[in-house]
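Have the chain open beside you as you read.

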Amino acid sequence: MKQDKTGQGKTKMVKEELFGQLRGRCPVGQLSLDEDVYEYGDELRVELLKIKEYNAYYMKSVLKSIIDKEYIDLEWIYEEYMKVLNVGIPSGGDYDYIIEYRLSDDVTMKMWERPKLISSLSTTGFRTWEAALYLCVYFDGMNLSANGNTYLELGAGTGLVSMYLYKQLEGRCKVYITDGDSNLLDGSLLKNLQLNEIDERQVVRQRLIWNEDKNIPLDVDTLIGADITYDSTYFVELSQCIYDFLTVGGSRCKEMIISCTVRSEDTTASFERSIVDVGLRIELISDNDLKIVERVESMLYKKLIAPIRIYRIVA
């Protein structure tokens, strides 16, 4: 029976919600699957085949969930399920995901991630961490200036925050994406630039080891960082690096905005002291804001592992 306009509108909303969940790798048990799936079954098949290209096991799990709902009986479901029947659970770090994060009304980012992989340099930069999402949502609520401003991210990892700023400001800013792992900069970060249709020539990728590489750019207005304060053994190097950017002769850098997951109050307090010890000032500007937390949790489909704070650091 043909739906009226109200019914068609509802179906469209349900479809968009489900497709957004699939692109965000929502746990299968939380997917919005109901009888309306008949109305867009062919589109769902196309969406699942895209997922199969990089995560066949997730596709298999989704198909199994649909089959288990006996009221959903689409012929192609069984055909596609048989094709992935022998796909097993990925093990170790030998699998990857492409996950979409809707960070603002205008910006949805696609990120290539290997969440269980730690590189030879012990980098954790192959996955998106909660503090990075929190910082992006925080920026979404600010009146960011694109008037020639230059941003540099320390310990960028996947590059999410840097690329979000570039997209949110429609390319009307300069962005440096830095990390201590050259392989990451030339590997997964390049993939993420390509996924988000950002020409690699439009951003600057630079290896930067804190307090060791002294070739810091002088045209940076704002430093940014997310979840780079989890290991207190690096606080001396990190604090000195921030100090150099904010005080070196000829630099125009005015501030650092840093998002920290508070896994340990002692570790967070140690970071605050390390900033003061080098002669900088640190100010708490966001303390686990519930509105931001809700948006982040809606993207992750789970609760945050710990509170998140954002600090502003100035000379």
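## Ground rules

This is a predicted model, where local features need pLDDT of at least 70, side-chain atom pairs count only at pLDDT 80 or more, and totals for chains, interfaces and linings use all residues. Numbering starts from 1 along each chain as its sequence is written, and side-chain values use heavy atoms, with hydrogens and water left out.

Helices (H or I, at least four residues) and strands (E, at least two) are DSSP runs, numbered from the N terminus.

## Helix 5 against helix 11

Helix 5 (residues 130-140) packs on helix 11 (residues 290-300) at about 130°, and the axes are 9 Å apart. Axes here are lines fitted to C-alpha atoms, for helices over the stretch in contact, with angles running from 0 to 180 degrees between N-to-C directions. That angle makes helix 5 oblique to helix 11; the scheme calls angles under 35 degrees roughly parallel, over 145 roughly antiparallel, 65 to 115 roughly perpendicular and the rest oblique.

On the helix 5 side, E130, L133, Y134, V137, Y138 and D140 make the contact, meeting I292, V293, R295, V296, M299 and L300 of helix 11 (contact means heavy atoms within 4.5 Å). Sorted by class, that's nine nonpolar, no polar and three charged residues. Nonpolar covers Ala, Val, Leu, Ile, Met, Phe, Trp, Tyr, Cys and Pro, charged covers Asp, Glu, Lys and Arg, and the others, Gly among them, are polar.

## What's covered

Helix 5 is mostly covered, with 10 of its 11 residues buried. Buried means under 20% relative accessible area, exposed over 50%, and partly exposed in between (1.4 Å probe, protein chains only).

In helix 11, the buried set is I292, V293, V296, E297, M299 and L300. Looking down the axis of helix 11, these fall within an arc of 155°, so they line one face; the arc is that of the directions from the helix axis to the C-beta atoms. Their cover includes strand 1 (97-102), helix 5 and strand 8 (281-287). On the face turned away from the buried side sit the exposed L290, K291 and E294.

## Helix 2 and helix 4

Helix 2 (residues 41-52) and helix 4 (residues 75-83) cross at roughly 10°, their axes coming within 11 Å. The two are therefore roughly parallel. Their contact has four nonpolar, one polar and five charged residues.

## Y57

Y57 sits in helix 3 (residues 56-68) and is partly exposed, at 26% relative accessible area. Leaving aside neighbours within four places in sequence, Y57 touches V87, G88, I89 and P90.
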